[in-house]
Amino acid sequence: MRALIVDDSRLARNVLISVVFKAGITQADQATDGIEAVEMASRNNYDIIFMDWNMPNMKGIDAVKAIRELDKKTPIMMVTALADPAQINEALKAGVNNYLLKPFKPEKAAAKIEETLALFSQTKKAEIA
Amino acid sequence: MRPAAMKMGDNDYFTTVRLLQNSSNSIKAEYINPFIESVKNLFETMLNCQVVREDIALTTRIPPTLDIVALIGLSGCIRGNVAMAFPVKTALAMVSRAYRSQIVVVDSMVIDAVAEFVNIVAGGAQASLNQDVKVPVDLTIPTVIRGNRFQMEYPSMAAWIEVPFSSELGPFTIRISIHKKDNN
């Protein structure tokens, strides 16, 4: 499985990469801002995208909207330190499927990622049936 | 009422309250606790480390005693700045713990990590600050300042609440200068 990790912080990307490998993902591409994320999402097929919120050049929510406009149905998890319910709701409306709040315990984050992938897979099967 | 998280001696507490009341910035004590809790959460969750909060103080300038300062701005109805200041040794210990690898030099990786730490602390406090406000708080991209010969002063006479911490990774301080805009 292939993931795209979007965060302007190298530490944040590094931490998340170790977590996604625990969740069964085998390849992790990286983007450092929303513009790069949209460009990579348009060129590649990812099984899941992890999007930071507070980034230079293009904020995470704008990148999510742009990716959804590409008609990409890839599950997107918002990864953010911004624990505000209003912003999380805004993200879900923009097309985010789930979220991870920083800082996170690796085991809990891996479980949440697996849960998101499983749910997305079930939804996809239901749509095909 | 004394906030539960502010465990100070009586004299310190009342002195700080007087300073807060006299401060032109009207920093409220309830704006400080979310940052203290967020620091604890960062250290316990991400760095597997307990922290101990030391005595809180009010200051009008950041003295040139700490080597790395990570600054993040808040805007919206509650606005101001939050700074995390570390001696180099503490910063290296924190980043080494985060990367699970020995980091011995302050380079771009360390600067990036320190910026992420202040981003997490401010983000963690944001939800509490956004309660009961009309315009939500937004965060700037963090700025990191290096060196031990600089002095930061605030011409607007803003006051900073200084919250020192100690930990097994070393001492550090967070400084908070925020206030709520009227009618928000």
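## Helix H3 of chain A

H3(A) is followed by A:Asp71, whose phi is positive, near 65°. Helices and strands here are DSSP runs, helices (H or I) of at least four residues and strands (E) of at least two, numbered from the N terminus. The model is predicted: local features need pLDDT of at least 70, side-chain atom pairs count only at pLDDT 80 or more, and totals for chains, interfaces and linings use all residues. Residues are numbered from 1 along each chain as its sequence is written, chains are lettered from A and ligands numbered from 1 in the order in which they are written, and side-chain values use heavy atoms, with hydrogens and water left out.

Helix H3 of chain A spans residues 60-69 and lies across E3 and strand E4 (76-80) of chain A, at about 150° to E3(A). Axes are lines fitted to C-alpha atoms, for helices over the stretch in contact, and angles run from 0 to 180 degrees between N-to-C directions. The buried residues of H3(A) are A:Gly60, A:Ile61, A:Ala63, A:Val64, A:Ala66 and A:Ile67. Buried means under 20% relative accessible area, exposed over 50% and partly exposed in between, with a 1.4 Å probe and protein chains only. These buried residues pack against H2, E3, E4 and helix H4 (85-94) of chain A; contact means heavy atoms within 4.5 Å.

## The sheet of chain A

In chain A, 5 strands form an open sheet with parallel pairing, in the order E2-E1-E3-E4-E5. Two strands pair if DSSP finds at least two bridges between them. Strand E2 (27-31) and strand E5 (98-101) of chain A are at the edges with a single partner strand each, so one side of each has no neighbour in the sheet. From one strand to the next, the twist averages 20°.

Strand E1 (residues 2-6) of chain A runs parallel to E2(A) and is joined to it by 5 bridges. Within E2(A), A:Ala31 stands opposite A:Val6. Helix H2 (residues 34-43) of chain A packs on the sheet, where it touches E1, E2 and strand E3 (48-52) of chain A, and its direction makes about 135° with that of E2(A).

## Chain B and its helix pair

Chain B has 4 helices and 10 strands, in the sequence pattern α-α-β-β-β-β-β-α-α-β-β-β-β-β. Of its 184 residues, 54% are buried. Among contacts in chain B between residues at least 6 apart in sequence, 71% join residues at least 24 apart.

The axes of helix H3 (residues 88-99) and helix H4 (residues 108-129) of chain B come within 10 Å and cross at roughly 85°. H3(B) and H4(B) are therefore roughly perpendicular, a class that covers 65 to 115 degrees, with under 35 roughly parallel, over 145 roughly antiparallel and the rest oblique. On H3(B) the contact is made by B:Ala91, B:Leu92, B:Met94, B:Val95, B:Ala98 and B:Tyr99, and on H4(B) by B:Met109, B:Val110, B:Asp112, B:Ala113, B:Val114 and B:Phe117. By class, these are 11 nonpolar, no polar and 1 charged residues. Ala, Val, Leu, Ile, Met, Phe, Trp, Tyr, Cys and Pro count as nonpolar, Asp, Glu, Lys and Arg as charged, and the others, Gly among them, as polar.

## Contact between the chains

Helix H1 (residues 10-22) of chain A packs with H4(B) at an angle of about 85°, their axes 7 Å apart. That makes H1(A) roughly perpendicular to H4(B). A:Arg10, A:Leu11 and A:Ala12 in H1(A) meet B:Ser108, B:Met109, B:Asp112, B:Ala113, B:Glu116 and B:Phe117 in H4(B). The residues of this contact divide into 5 nonpolar, 1 polar and 3 charged.

## Nonpolar cores

The largest nonpolar core has 96 residues, and A:Phe50, A:Met51, A:Ile113, B:Phe35 and B:Phe43 have the most contacts inside it. Such a core is a set of buried Ala, Val, Leu, Ile, Met, Phe, Trp, Tyr and Cys residues joined through side-chain atoms within 4.5 Å. H4(B) gives the most to this core, with 12 residues. Apart from it lies another core, of 6 residues, including B:Val69, B:Leu71, B:Phe150 and B:Trp160.

## Loop residues

The peptide bond from A:Lys102 to A:Pro103 is cis, with omega near -5°. A:Pro103 is in the loop between E5 and helix H5 (106-128) of chain A.

A:Asn57, in the loop between E3 and H3 of chain A, is not a glycine but has a positive phi of about 70°. A:Asn57 is exposed, at 63% relative accessible area. B:Arg100 also has a positive phi, of about 55°, and is in the loop between H3 and H4 of chain B. B:Arg100 counts as exposed, at 72% relative accessibility.
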